[in-house]
Amino acid sequence: MGTSEHAGEAGRVEGVPHDYDAIWRDVYGDMQDVGPTHRHLRRLLGKLLAELEFSTAIDIGCGAGHNFEQLSEGRRLETLSGADISTEALTRARDRWPAADLHELDVQVEAVAGVWDLVLCSLVLEHIPDDEGALRSMREMTAPGGHLAAVTIAGDFERYRPWEEQMGHVRNYRRGELEAKLKRAGFEPVTVVYWGFPFYSPIARRLQNSMTSEAEYGSATGLAARIMYWVYWLNSSRRGDLVLAIARAS
């Protein structure tokens, strides 16, 4: 397993403003499995990935391995890899998906050795101070003619700052900003979807500002998540603050 040389004390990493080991213990959890936004993200991403041919895949910012099943479903992958900055997340990913090839690294400053047909980066770029450095690293990991699938958050960061900072976010993207950064990193955007208006954004995002995330959902939170999942079917796929982009290595 590759290990970043930039690790600091208590799970902190130089150049990264949050302790992601602590966030994985205290904040993330049920949200990734049953949160309504994440469930719709998997649905939307699944449609985009179904149009791509790939036999090798790596998930950058793989967290606890929630995306591995989607990457491998219906495919015979030769290689399934993941990378994350958090030791805690990688421990959970090994428990969830023991066969995956996992690496610990700071993608802002280094790349995993090798190339993959598909590089996935889902809900990661909004966490990274040097997102363009991370995109350049991901371009190094993308095989010629291969694809990057990037999912991130758009909108007004200042409006949603209380929730965004709780999640470890450092930015939201202006419309078109992600596409421009992909091009500068050596990718050509193929498909870009903005999803979530109006029930995810702005309604739910405004409500989240007054909420504290729970790693484990109680019965009330779980019920609210199920209701919001069905409401979210009414969201637009042309407007909103969840951005899904497929880009080809150019």
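Both faces of strand S1 (56-60) are covered in this predicted model, with Thr56, Ile58 and Ile60 buried on one side and Ala57 and Asp59 buried on the other, where buried means under 20% relative accessible area with a 1.4 Å probe and protein chains only. Strand S1 is accordingly described as mostly covered, five of its five residues being buried. In a regular strand the side chains alternate between the two faces of the sheet. Residues are numbered from 1 along each chain as its sequence is written, and side-chain values use heavy atoms, with hydrogens and water left out. The model being predicted, local features need pLDDT of at least 70 and side-chain atom pairs count only at pLDDT 80 or more, whereas totals for chains, interfaces and linings use all residues.

Helices (H or I, at least four residues) and strands (E, at least two) are DSSP runs numbered from the N terminus, and two strands pair if DSSP finds at least two bridges between them. On this basis, seven strands form an open sheet with mixed pairing in the order S3-S2-S1-S4-S5-S7-S6. Its edge strands, each pairing on one side only, are S3 (101-104) and S6 (187-195). From one strand to the next the twist averages 15 degrees, axes being lines fitted to C-alpha atoms, for helices over the stretch in contact, and angles running from 0 to 180 degrees between N-to-C directions.

Strand S1 pairs with S2 in the parallel sense over five bridges, Asp59 standing opposite Gly82 in S2. The pairing of S1 with S4 is likewise parallel and involves three bridges, with Val119 in S4 as the bridge partner of Ile58. Strands S2 (residues 79-84) and S3 run parallel and are joined by four bridges, and Ala83 stands opposite His103 in S3. Helix H6 (residues 131-141) packs on the sheet, touching S1, S4 (116-122), S5 (142-153), S6 and S7 (242-249), and its direction makes about 145 degrees with that of S5.

Thr37, which lies in helix H3 (residues 36-49), counts as buried because its relative accessibility is 12%. Leaving aside neighbours within four places in sequence, Thr37 is in contact with Trp195, Tyr200, Tyr232 and Leu242, contact meaning heavy atoms within 4.5 Å.

Definitions and conventions: Buried means under 20% relative accessible area, exposed over 50%, partly exposed in between (1.4 Å probe, protein chains only).
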